[in-house]
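Please keep the sequence and the model in view while reading.

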Amino acid sequence: MGNLDYTQVLNKIENTRRFGNEPGVVVTAQVIKVLREKGKQKRIIPYIHVAGTNGKGSVCAFFSSILKKEHMRVGTFVSPHLVDFEERITVDGRMIAKEDVTRLGNYLLDIDFGIGLTMFDYCLAMALLYFEEQQCDYMVIETGLGGRLDSTNAIGTPQCAVITKIGYDHMAILGSDIADIAAEKAGIIKENSTVVVEQQDKRAMQVIEQEAQKKHARIITVEQSDIARCSGYALRLCGTFQWENAAAAELAARYVLGKHYSGPEYEKTGPKSEKTNLNDRIKSALEEAVWPGRMEIVSKEPFLLVDGAHNSNGVDALRESLMQMYPGEKFCFFMGVMADKDYDVMIREILPLAEEFYTVTPDSDRALQASHLADFIRKEGVEATELSGV
């Protein structure tokens, strides 16, 4: 086994290609096959699969909180991370230790899988190994990109799938038409499975319904009444758009827990009275859920809110929430963006609420330069100042 230290492991994993020669679903299928042959994947852990353009991470956070409230050991895999690599892989809300990243990373990097792995493939493989070691009862798995060809789609048939809001993002890969993007997201629907679907553009919903019909899958739609119910919860996740994400997680949890509590294993381990007050426990779990960097108020004096909106749909949701939470207010925005994003549409979405902008260059090869972003904003008629060394 290799003897790379933590930094060397991360450097090696992060410097693998962002996109491989083979679709991720093919790569992970091969990775799982090899790991099973080596005796490292002995269990088939029940899991929940979450796809969509916006809201995936929030749904994962809500759902994981519900499972934890039910005294289940839950492993959660999300991407990307905001600050620390370990954010991607958590068990019961606790991040994987750096020592475990180093150990599992060395193990995976030493294996010849017979196929090229990307960074995401290595991260997913690490998560699957770690969740088995930690004897998780459930996994909550967020797709990386799309769904149909995504690495996570090789894991198997989930207990339940969730498709969050679908919008325009990664169009160079997923397609420029909402129906094409929806078809990729709907690719996580498996034969005879159940999928919870948030409210969608009409064309996107038609594609999802057609895929569900083809796969003989059941659709549970998030209704307005579900959203209204969750609007009455004291969620720690700010933003009116989080009501629908909470509703999606709640509906999925009710379906999964219904199966869990009626199964033979539960009959042996717990009384049926555990089902009493389930509504209260779900509400409490949703209110306890946290998801850093998503309309997170980090300071009230002075007021500072951070949000990871990175496409036009996300910025539209941010704008609507700010207008409802702080009617009539104007804001000073600090903004950095990747060059391959629809930053022109994003800027125009948020301009009505902007007093001024300060632009930064993210630490990424894909980053749009702060000066370019500031120039564009000034041409739109709003004051903008680029910041360097930030």
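The structure is a predicted model, in which local features require pLDDT of at least 70 and side-chain atom pairs count only at pLDDT 80 or more, while totals for chains, interfaces and linings use all residues. Residues are numbered from 1 along each chain as its sequence is written, and side-chain values use heavy atoms, with hydrogens and water left out.

**Overall form**

The protein has 15 helices and 13 strands; these are DSSP runs numbered from the N terminus, helices being H or I of at least four residues and strands E of at least two. Its radius of gyration is 21 Å, close to the 21 Å that the globule rule gives for 390 residues, so the protein is as compact as a globular protein of that length. The radius is taken over C-alpha atoms, and the rule is 2.2 Å times the number of residues to the power 0.38. Buried residues make up 52% of the 390 residues. Buried means under 20% relative accessible area, exposed over 50%, and partly exposed in between (1.4 Å probe, protein chains only).

**The eight-stranded sheet**

Eight strands form an open sheet of mixed pairing, in the order S4-S3-S2-S5-S1-S6-S7-S8; two strands pair if DSSP finds at least two bridges between them. Strands S4 (94-95) and S8 (218-221) stand at the edges with a single partner strand each, so one side of each is left without a neighbour in the sheet. Helix H5 (residues 119-133) packs on this sheet and touches S2, S3 (89-91) and S5, where contact means heavy atoms within 4.5 Å.

Strand S1 (residues 47-51) has five of its five residues buried. In a regular strand the side chains alternate between the two faces of the sheet. On one side of S1 lie Tyr47, His49 and Ala51, on the other Ile48 and Val50, and all are buried. S1 runs parallel to S5, joined by four bridges, and Ile48 has Val140 as its bridge partner in S5. Four bridges also join S1 to the parallel strand S6 (residues 160-163), where His49 stands opposite Ala161.

**The three-stranded sheet**

A parallel open sheet is formed by three strands in the order S11-S12-S13. S11 (331-335) and S13 (384-386) are its edge strands, each with a single partner strand, so one side of each is left without a neighbour. S11 and S12 (residues 354-359) pair over five bridges, and Phe357 in S12 is the bridge partner of Phe333.

**Salt bridges**

Side chains of opposite charge can pair when their charged atoms come close. The whole structure contains 25 salt bridges, each defined as a side-chain nitrogen of Lys or Arg within 4 Å of a carboxyl oxygen of Asp or Glu. Three of these pairs are tabulated here.

| Salt bridge | N to O distance |
|---|---|
| Glu142 and Lys56 | 3.9 Å |
| Arg203 and Asp201 | 3.9 Å |
| Glu320 and Arg319 | 2.7 Å |

Glu142 and Lys56 form a salt bridge that links distant parts of the chain, with Glu142 in strand S5 and Lys56 in helix H3 (residues 56-69), 86 residues apart. Glu142 and Lys56 are both buried. Arg203 counts as partly exposed because its relative accessibility is 37%, and Asp201 counts as partly exposed at 36%. Glu320 is partly exposed at 37% relative accessibility, whereas Arg319 counts as buried at 17%.

Terms used
Axes fitted to C-alpha atoms, helices over the stretch in contact; angles between N-to-C directions.
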